[in-house]
Amino acid sequence: MGKQPSPLAALPSIDRVLQHAGGLIEAHGRDAVKQAIRDVLDDARAARRVLVLDDVLQGASSLLERDRRPSLRRVFNLTGTVLHTNLGRALLPEAALFAMQDAARQPVNLEYDLNDGARGERDDHVEGLLRRLTGAEAATVVNNHAAAVLLALNSLALRREVPVSRGELIEIGGAFRLPEIMARAGCRLREVGTTNRTHLRDYAEALGPKTGIVFKAHASNYSIEGFTAAVPEAELAALCKARGIPFVVDLGSGTLLDMARFSLPQEPTVQQALGNGADLFTFSGDKLLGGPQAGIIAGRAALVEKLRRNPLKRALRVDKVTLAALAAVLQLYLDPDRLRERLPTLRLLTRPLAELRAMGERLRAPLQRALGCEITLVECESQIGSGAAPSERISSIGLAARPGDQKLAARLRALPIPVIGRLQDGALILDLRCLEDEAGFAGQLHSL
Ligand SMILES: *Cc1c(COP(=O)(O)O)cnc(C)c1O
């Protein structure tokens, strides 16, 4: 019996497909198209599938489209967590976006003093604003808040002891654990007090010639309740002052404004830390401040100078685009009366419930039709997120899909602009607090 000619021999050659791929080559470039065709043909051979020329073109086109889609994509954050670390935290105000574009597109005086034509300091672009807004003597900025803590510890307490209350030995997610950061910073953690109660005398006994700094971390993302005692910041600051030891405060989210002014859960303000006697304090750029990812450190000029001279500062520095965004956001704080309309983080946190309810009523029926399950308008609870006011909730309005399960959640994630909600008590809740592009949301429901 003679050998049958393999049908696979009939697959078109790469060169032949290329001759018909003008449009694809125009869009993606010859090399990429050739590789995509090769991949489609290899797959067909492996699966012993016969393809005609058009099939190969189709397959190559899909592959190329898939590869072109950026990995980092826009999503709808309907989780109810406004500053969602996994979804990129703060959304930047328009003013920051313009400033970022300018800084990215053209040369800028990043480290160049335009007055005397000499080398300048990159901190100069934000230090004046930070001093004015916080009241601190000096300020510097690094890549994120974790880096700020690392830099402060390493600059001020290398090979020295750092007393920390046992109630503040925190983990903030993403492997940021205070004891480990201390070790990497080259400091010796000296645990003080107990998990639930720490007194001033515990600190007083721990302070000595080996002490580098006293470090206090804000209890973000947890609270200790019941039979508890913590040393008020002002008392601890006074003790440090009497012993000549710098007192450093990690504010967690930190905020420049009293949140009560916006009827929001309260977080310690930067001004409070300073008023309580902190010598140095650190906070995040992209939490409640509503700016780009950054770690801000402010306080006594002599201490900030020590941080600047540490070679680690160079390794942790921010880029020009971040500085441009941060400066633009800080500018907005000079006019607190209009901050709510200009700063997205604050706008989202303070949206009127009536607005959310009206939007929910418009979206309920279209969503029900598209999903084919029961949708109800519900009262739900948003949170600030990123460890700010962790035990407080903000009333919100959501759309609840029932029955809600992982499968339903996956369908919404598969939309062109993925929709991320949260599963709760057998329902998938879409919290409307962070939905501003209603038309964009409604316009893609037909793809469900
Ligand atoms: C969030 C947080 C940090 C880390 O800040 P990043 O901006 O995530 O680097 C450090 N300390 C506390 C108390 C925090 O809440």
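Visitor: What makes Arg351 and Glu355 a salt bridge?

Guide: This is a predicted model, so keep that in mind throughout. The closest N and O atoms of Arg351 and Glu355 are 2.9 Å apart, and the cut-off for a salt bridge is 4 Å between a side-chain nitrogen of Lys or Arg and a carboxyl oxygen of Asp or Glu. The pair therefore counts as a salt bridge.

Visitor: Are those two partners buried or exposed, and why?

Guide: Arg351 has 9% relative accessibility, so it counts as buried, since buried means under 20%. Glu355 comes out at 38% and is therefore partly exposed, because that class sits between the 20% and 50% limits.

Visitor: Why is Arg119 called exposed, and what is its salt-bridge partner?

Guide: Arg119 has 63% relative accessibility, so it counts as exposed, the limit being over 50%. Its partner is Glu111, with the closest N and O atoms 3.0 Å apart. Glu111, at 24%, counts as partly exposed.

Visitor: How do you know that Arg338 and Asp335 form a salt bridge?

Guide: Their N to O distance is 3.0 Å, and the rule asks for within 4 Å, so the pair qualifies. Arg338 has 39% relative accessibility and therefore counts as partly exposed.

Visitor: OK, on to pockets. Why do you say where the largest pocket lies relative to domain 2 and domain 3?

Guide: Both domain 2 (76-86 + 348-447) and domain 3 (94-342) give residues to its lining, so the largest pocket lies between them. The domain assignment also gives domain 1 (8-68), and the centres of domain 1 and domain 2 are 40 Å apart, taken over C-alpha atoms.

Visitor: What lines the largest pocket?

Guide: There are 32 lining residues, and Arg74, Val75, Leu87, Arg89 and Leu91 lie nearest the centre. By class, the lining has 17 nonpolar, 6 polar and 9 charged residues. The pocket's volume is about 770 Å³.

Visitor: Which helices and strands supply at least two residues each to that lining?

Guide: Those are β1 (76-77), α5 (94-105), α15 (339-342) and α16 (344-349). The largest share, 4 residues, comes from α16.

Visitor: What makes the other space a cavity you'd count, and how many are there?

Guide: The count takes cavities of 30 Å³ or more, and it comes to 1. The largest cavity has a volume of about 30 Å³. Its lining is made up of Thr255, Leu257, Met259, Leu288, Tyr333, Leu339, Leu343 and Leu346. By class, that gives 7 nonpolar, 1 polar and no charged residues.

Visitor: What is Thr211 in contact with, leaving aside its neighbours within four places in sequence?

Guide: Its contacts are Arg160, Glu161, Pro163, Ala206 and Ile245. Take Arg160: Thr211 and Arg160 are 51 residues apart in sequence, yet 5.7 Å apart in space, C-alpha to C-alpha.

Note on methods:
Residues numbered from 1 in each chain as written. Predicted model: local features only at pLDDT ≥ 70, side-chain atom pairs only at ≥ 80, totals over all residues. Heavy atoms only, no water. Domains from an automatic or database assignment. Buried < 20%, exposed > 50% of the residue type's maximum accessible area, 1.4 Å probe, protein only. 1 Å grid on protein atoms, 1.4 Å probe; cavity = no way out; pocket = protein on both sides within 12 Å on 5 of 7 lines; lining within 4 Å. Points joined across faces, edges and corners; volume = space filled by probe spheres on them. Nonpolar A, V, L, I, M, F, W, Y, C, P; charged D, E, K, R; others polar. Contact = heavy atoms within 4.5 Å.
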